Amino acid sequence: MKKIAVSLALACTAMGAQADDISLPAGNVEVIDGAGAFSRLITGNHSGDTFTDTYAFDLSGISSFTASLYSSAGNAKVGLDITGFGLYANDGTLVRAGSQLLTGKYDEWSLDLSNVASGTGYYVAVTGSVVSQAAGAYSGLVSVSAVPEPATYGMLLGGMALLGVAARRRSQAK
């Protein structure tokens, strides 16, 4: 009888220790003048729970894309453990995984990509877990800048050539 009671107690403990998925519903990043921000606060009592939060945005033209993600805690044993950060196409295809710069008390991730195709349907995804019963938070920034068309570079080079010719004529006239 004792063996059955111990087995039931261990089974109940194991069932109660399963991590919950506390992911947010898909959100949006409003990019205004080339920049946007996203963040999340996870309150206490979620120790061991996991999350994958997504933040969607649109690109109006071929762009250079940069994003940063930060999480800070009192020490490495509290707060959040960010385990992934990436840029995805709307169909779920990974465009580029982020690079982890710091981990522990501070988590920092970076994501840089040039020549991202225009169109709707990109999102950044943040994955991680809650380390302790204490609250935790993360915040992120995205920056989008237009990449000039090849014709723009051609006009720039042509203009520089004309300035060079004018400067040479001026120096020869002296």
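The model is a predicted one, in which local features need pLDDT of at least 70 and side-chain atom pairs count only at pLDDT 80 or more, while totals for chains, interfaces and linings use all residues. Residues are numbered from 1 along each chain as its sequence is written, and side-chain values use heavy atoms, with hydrogens and water left out. The protein chain contains 2 helices and 10 strands, where helices (H or I, at least four residues) and strands (E, at least two) are DSSP runs numbered from the N terminus. Along the sequence these elements follow the pattern α-β-β-β-β-β-β-β-β-β-β-α.

**Overall burial and contacts**

- Of the 174 residues of the protein chain, 30% count as buried, a term that stands for under 20% relative accessible area, with exposed meaning over 50% and partly exposed the range in between (1.4 Å probe, protein chains only).
- Among contacts (heavy atoms within 4.5 Å) between residues at least 6 apart in sequence, 82% join residues at least 24 apart.

**Sheet and strand pairing**

- An open sheet of 5 strands runs in the order β2-β10-β4-β8-β7 with antiparallel pairing, two strands being counted as paired if DSSP finds at least two bridges between them.
- The edge strands of this sheet are β2 and β7 (99-102), each of which pairs on one side only.
- Neighbouring strands of this sheet are turned by 15° against each other on average, direction ignored; axes are lines fitted to C-alpha atoms, for helices over the stretch in contact, and angles run from 0 to 180 degrees between N-to-C directions.
- Strand β4 (residues 63-72) pairs with strand β10 (residues 136-146) in the antiparallel sense over 9 bridges, and in this region Ala67 stands opposite Val142 in β10.
- β10 also pairs with β2, in the antiparallel sense and over 8 bridges, with Leu41 standing opposite Ala137 in β10.
- Ser110, which lies in strand β8 (residues 106-116), counts as buried at 18% relative accessibility, and, leaving aside its neighbours within four places in sequence, Ser110 is in contact with Ala67, Gly98, Ser99 and Leu101.

**Nonpolar core**

- The largest nonpolar core has 26 residues, of which Phe38, Phe65, Phe85, Val126 and Tyr138 touch the most other members; such a core is a set of buried Ala, Val, Leu, Ile, Met, Phe, Trp, Tyr and Cys residues joined through side-chain atoms within 4.5 Å.
- The elements that give two or more residues to this core are β2, β3, β4, β5 (80-89), β8, β9 (119-130) and β10.
- Leaving aside neighbours within four places in sequence, the contacts of Val126 include Phe38, Asp53, Tyr55, Phe85 and Tyr138.

**Salt bridge**

- The structure holds 1 salt bridge, defined as a side-chain nitrogen of Lys or Arg within 4 Å of a carboxyl oxygen of Asp or Glu.
- The side chains that meet in this salt bridge are those of Arg40 and Asp53, at 2.9 Å from N to O, and the pair links distant parts of the chain, with Arg40 in strand β2 (residues 35-42) and Asp53 in strand β3 (residues 50-59), 13 residues apart.
- Both partners are buried, Arg40 with a relative accessible area of 11% and Asp53 with one of 0%.

**Aromatic pairs**

- The structure holds 5 aromatic pairs, where rings of Phe, Tyr and Trp (its six-membered ring) pair if their centres lie within 6.5 Å, and planes under 30 degrees apart count as stacked, over 60 as edge-to-face and the rest as tilted.
- The rings of Phe38 and Tyr55 are stacked, because their centres are 4.6 Å apart and their planes are at 25°.
- Phe38 lies in strand β2 and Tyr55 in strand β3, so this pair ties together parts that are 17 residues apart in sequence; Phe38 is buried at 5% relative accessibility, as Tyr55 is at 6%.
- Tyr88 and Tyr123 also form a stacked pair, with ring centres 5.3 Å apart and planes at 10°, and this pair links distant parts of the chain, Tyr88 in strand β5 and Tyr123 in strand β9, 35 residues apart.
- Tyr88 counts as partly exposed at 23% relative accessibility, whereas Tyr123 is buried with a relative accessible area of 18%.
- Phe57, Phe65 and Tyr122 are linked into a cluster by ring pairs.
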